[in-house]
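Hi,

Here is the structure I promised to pass on. Have a look at it first, and then read on for what turned up.

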Amino acid sequence: MRNVLISFIVGTALVASAAVSPSPAARAAFDKGEKALEAQKYDDAVAAYQDALKATPGYAAALNGMGSALFKQKKQDEAIVQFRAATEADPSFKLAWFNLGYAARKTQDFA
């Protein structure tokens with residue numbers, strides 16, 4: 001039992017540490033996306049998040065941000081794909097899990 005618990009803890013730590021660190025270019029694009037999202041310029045936000053993901057594939061915050069912009073554009077199914085990708089990229093990213101649950105609830109995807 002103890003070995004199982006240790007394996008679980010080590011495995012969890014490895015998954016959590018697997019989150020991608022963004023490059024400076026990805027971080028700059030992400031910041032641009034966040035400003036566009038705040039200004040309700042959703043097309044600009046999506047484009048900026050795409051740039052961030054080109055610079056650093058698997059950047060969970062950019063995946064989540066893109067999901068938020070898509071959700072605001074009423075593209076719920078596409079948003080859910082992005083939120084799910086963000087949770088897979090960084091399983092400890094709580095905001096992405098919240099957004100995934102919220103979007104799923106709004107689309108009545110209770111599974």
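One convention before the helix packing: axes here are lines fitted to C-alpha atoms, for helices over the stretch in contact, and angles run from 0 to 180 degrees between N-to-C directions. Keep in mind that this is a predicted model, where local features need pLDDT of at least 70, side-chain atom pairs count only at pLDDT 80 or more, and totals for chains, interfaces and linings use all residues. Residues are numbered from 1 along each chain as its sequence is written, and side-chain values use heavy atoms, with hydrogens and water left out.

The overall layout

The protein chain has 6 helices and 0 strands, in the order α-α-α-α-α-α from the N terminus. Helices (H or I, at least four residues) and strands (E, at least two) are DSSP runs, numbered from the N terminus. Of the 111 residues, 36% count as buried, where buried means under 20% relative accessible area, exposed over 50%, and partly exposed in between (1.4 Å probe, protein chains only). Take the contacts between residues at least 6 apart in sequence: 48% of them join residues at least 24 apart, with contact meaning heavy atoms within 4.5 Å.

Helix 4 and its two partners

The axes of helix 4 and helix 6 (residues 94-106) come within 10 Å and cross at roughly 25°, so the two are roughly parallel. For that label, angles under 35 degrees count as roughly parallel, over 145 as roughly antiparallel, 65 to 115 as roughly perpendicular and the rest as oblique. Helix 4 passes helix 6 in a left-handed crossing; that is, the near helix is turned anticlockwise from the far one by less than a right angle, while clockwise would be right-handed. From helix 4, Asn-64, Ser-68 and Phe-71 meet Leu-95, Ala-96, Asn-99, Tyr-102, Ala-103 and Lys-106 of helix 6. This contact has 5 nonpolar, 3 polar and 1 charged residues (Ala, Val, Leu, Ile, Met, Phe, Trp, Tyr, Cys and Pro count as nonpolar, Asp, Glu, Lys and Arg as charged, and the others, Gly among them, as polar).

Asn-99 in helix 6 is worth a click: it counts as buried at 13% relative accessibility. Leaving aside residues up to four places away in sequence, Asn-99 touches Asn-64, Ser-68 and Phe-83.

Helix 2 (residues 24-38) also has its axis within 10 Å of that of helix 4 (residues 60-72), crossing at roughly 20°. That pair is therefore roughly parallel too, and the crossing is left-handed. Here Phe-30, Glu-34 and Leu-37 in helix 2 meet Ala-61, Ala-62, Gly-65, Ser-68 and Ala-69 in helix 4, giving 5 nonpolar, 2 polar and 1 charged residues.

The rings

A search of the whole structure finds 4 aromatic pairs. Rings of Phe, Tyr and Trp (its six-membered ring) pair if their centres lie within 6.5 Å; planes under 30 degrees apart count as stacked, over 60 as edge-to-face and the rest as tilted. Phe-30 and Tyr-49 make a tilted pair, with 5.9 Å centre to centre and 50° between the planes. Phe-30 lies in helix 2 and Tyr-49 in helix 3 (residues 42-55), so the pair ties together parts that are 19 residues apart in sequence. Phe-30 counts as buried at 9% relative accessibility, and Tyr-49 counts as buried at 0%. Ring pairs link Phe-30, Tyr-49 and Tyr-59 into a cluster.

Thr-56 sits in the loop between helix 3 and helix 4 and counts as buried at 7% relative accessibility. Beyond residues up to four places away in sequence, Thr-56 touches Val-20, Ser-21, Pro-22, Ser-23 and Ala-26.

Cheers
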